[in-house]
Amino acid sequence: MKNIEHRIKEANGRLRNFGISIEQIGARLYLRATLPPKPESSKNHWHQQRINITLTNADGVKLAEKEAKLLRLKLDTKTFDWNDYLKSESQDKTKKISDWIKEFEDDYFQRKQRNFKTESTWKIEYQTVFKILPDDEMLNTEILKQAILTTKPDTRTRKRFCLTLQLLAKFAGLDFNPNSYSGKYSYKSRQTRSLPTDKLILECYSNLNNSKWQWVFGMLATYGLRNHEVFFLDLEQLRAGNKIITVLAGKTGYRRIWPFHPEWFNSFGLSNVKIPDINLNRNNSAIGATVSQRFRRNDAIPFKVYDLRHAWAIRTLEYGIDISLAAKQMGHSLQVHSSLYHAWTSDQHHQRAFDLAINKGDRPMPPELT
C-alpha cells in the first residue's frame, strides 16, 4: 500500500502545470498557490498562500487534488472568493477540545489497524494525556502549556505529555513547541535496579509450587521475554527440544531468541511446555499485568518479575554477545538497548565480563618484557 507521502508526490506530479501543489503540515493537507490577499489583509498584492483542505489520509489526497483543479478553474475564470474557504478555517478556531480529540482519534485509527496493540497505545500514550484537558473549552497553546505543567519536571510523564500534546497542536494547526518544558529525562535518568543474581533466580524457581507458573518463570529468566510474549511463542519448536525460540507476536512482533544461560533450558525443563490458562483476548499490557500480579502475590519472588528480562540483558553483556544482536533478540532499537542497559551495568558485571574474556583460550597475549 502506498504511503501518504508517495500519494502526495504523485498528485503533485499531475498538478505540475496547474501552479498549485498539495502540502502536508502535521495531520492536515493544504493547497499552496499564488492567491489574492485575504479580506482585511494588510497586503495588497497576490502572493503564495495556503488553503486548509482536509485531514491527511488517502481519501484526503484525492479530495485535495480535486480541490486543486477546482481552484485553478476559479482562478482562471476570476470567480475565486476567499469566503468559500475561510468558513472552514473559522470553524476550526471555534472547535471544542473534545471535537479535536475525536478527530485526532479517528485519524489515528484510519492510519493504523485497530487491534489490541494500537488500542493499548492509544489509551496509554494519548488518552491518558488528553483526559487532563478541559473538553468544553477551545484549544489553544496556553491550555496545552498548563496541562504539561501539571506533571513533574524531568520525568517520563512530562516528556510524554510534551510529545503527545505537540502532536495534537500540530494536528489542529497550532504553532506550539513545548521543548523548553520537556526536561532532561532519558533512560539514563532511571534509577539503577538491584537485579536478581543467577543464584537467587534458581532459588525462586525451586520455591514455586505451581508447575505452569514455574515454567513461565523459567522461560522469562532464560530468554528475557516480555511478560505477555511467553503466550505467543512457537510451542512446537520448544516441544521438539529446539533451544532457539521464536516469538510469533507481541509488542515488537516476530523475532528469534537464544537462551542465556543455555543450561537452563534443560534445568528448567522448558521443552515440557506448560501454559497457564489465562484470558488472552486482551491487549498485551493487560496480559503482562496478569503475569506480574501472579508473581507479585507469591512471596517466593522478592523482586519484580520483569527484572528477569533486565537480568537477561545484562547476562548477554557478560557473555560478550554483540550489543546489536542482543538488542534485536530483545526487540529493542540499538539506541534504546544501549541507553537502558549499559547504564545499569555495575562493577560486578564488568568484573564477570573481564574474567570471562581473560579466561578465553583464544584471547590475544601481550609481548613479554625484555
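Reader: How do you know that α4 meets α5, and which residues are involved?

Author: From α4, the residues are Ile-101, Phe-104, Glu-105, Tyr-108 and Phe-109. Their partners in α5 are Thr-118, Glu-119, Thr-121, Trp-122, Tyr-126 and Phe-130. They count as meeting because contact is defined as heavy atoms within 4.5 Å. Please keep in mind that this is a predicted model, where local features need pLDDT of at least 70, side-chain atom pairs need pLDDT 80 or more, and totals for chains, interfaces and linings use all residues. Residues are numbered from 1 along each chain as its sequence is written, and side-chain values use heavy atoms, leaving out hydrogens and water.

Reader: Let's turn to the strands. How do you know that β1, β2 and β3 pair?

Author: Pairing asks for at least two bridges found by DSSP between two strands. Strand β1 (residues 20–25) has six bridges to β2, and eight bridges join β2 to β3 (residues 47–55). Both pairings are antiparallel. You can check individual partners: Ile-20 is bridged to Ala-33 in β2, Leu-29 to Thr-54 in β3, and Arg-28 stands opposite Leu-55 in β3.

Reader: Why are β1 and β3 called edge strands?

Author: The open sheet has three strands in the order β1-β2-β3. Each of β1 and β3 has a single partner strand, so one side of each is left without a neighbour in the sheet. The twist averages 30° from one strand to the next. Helix α2 (residues 58–76) packs on the sheet, where it touches β1, β2 and β3, and its direction makes about 15° with that of β2.

Reader: What makes β2 mostly covered?

Author: Strand β2 spans residues 28–35, and six of its eight residues are buried, that is, under 20% relative accessible area (1.4 Å probe, protein chains only).

Reader: Why does Asn-284 count as buried?

Author: Its relative accessibility is 17%, so Asn-284 falls into the buried class. Asn-284 lies in helix α13, which covers residues 284–296. Leaving aside residues up to four places away in sequence, Asn-284 touches His-228, Phe-232, Gly-250 and Lys-251.

Reader: How do you know that Leu-238 is buried?

Author: Leu-238 has a relative accessible area of 1%, so it is buried as well. Leu-238 is found in helix α11 (residues 235–239). With residues up to four places away in sequence left out, the residues Leu-238 touches are Trp-215, Met-219, Leu-233, Ile-245, Phe-265, Leu-270, Ser-271 and Val-273. For Ser-271, the C-alpha atoms are separated by 4.9 Å, although Leu-238 and Ser-271 are 33 residues apart along the chain.

Note on methods: Helices (H or I, at least four residues) and strands (E, at least two) are DSSP runs, numbered from the N terminus. Buried means under 20% relative accessible area, exposed over 50%, partly exposed in between (1.4 Å probe, protein chains only). Axes are lines fitted to C-alpha atoms, for helices over the stretch in contact, and angles run from 0 to 180 degrees between N-to-C directions.
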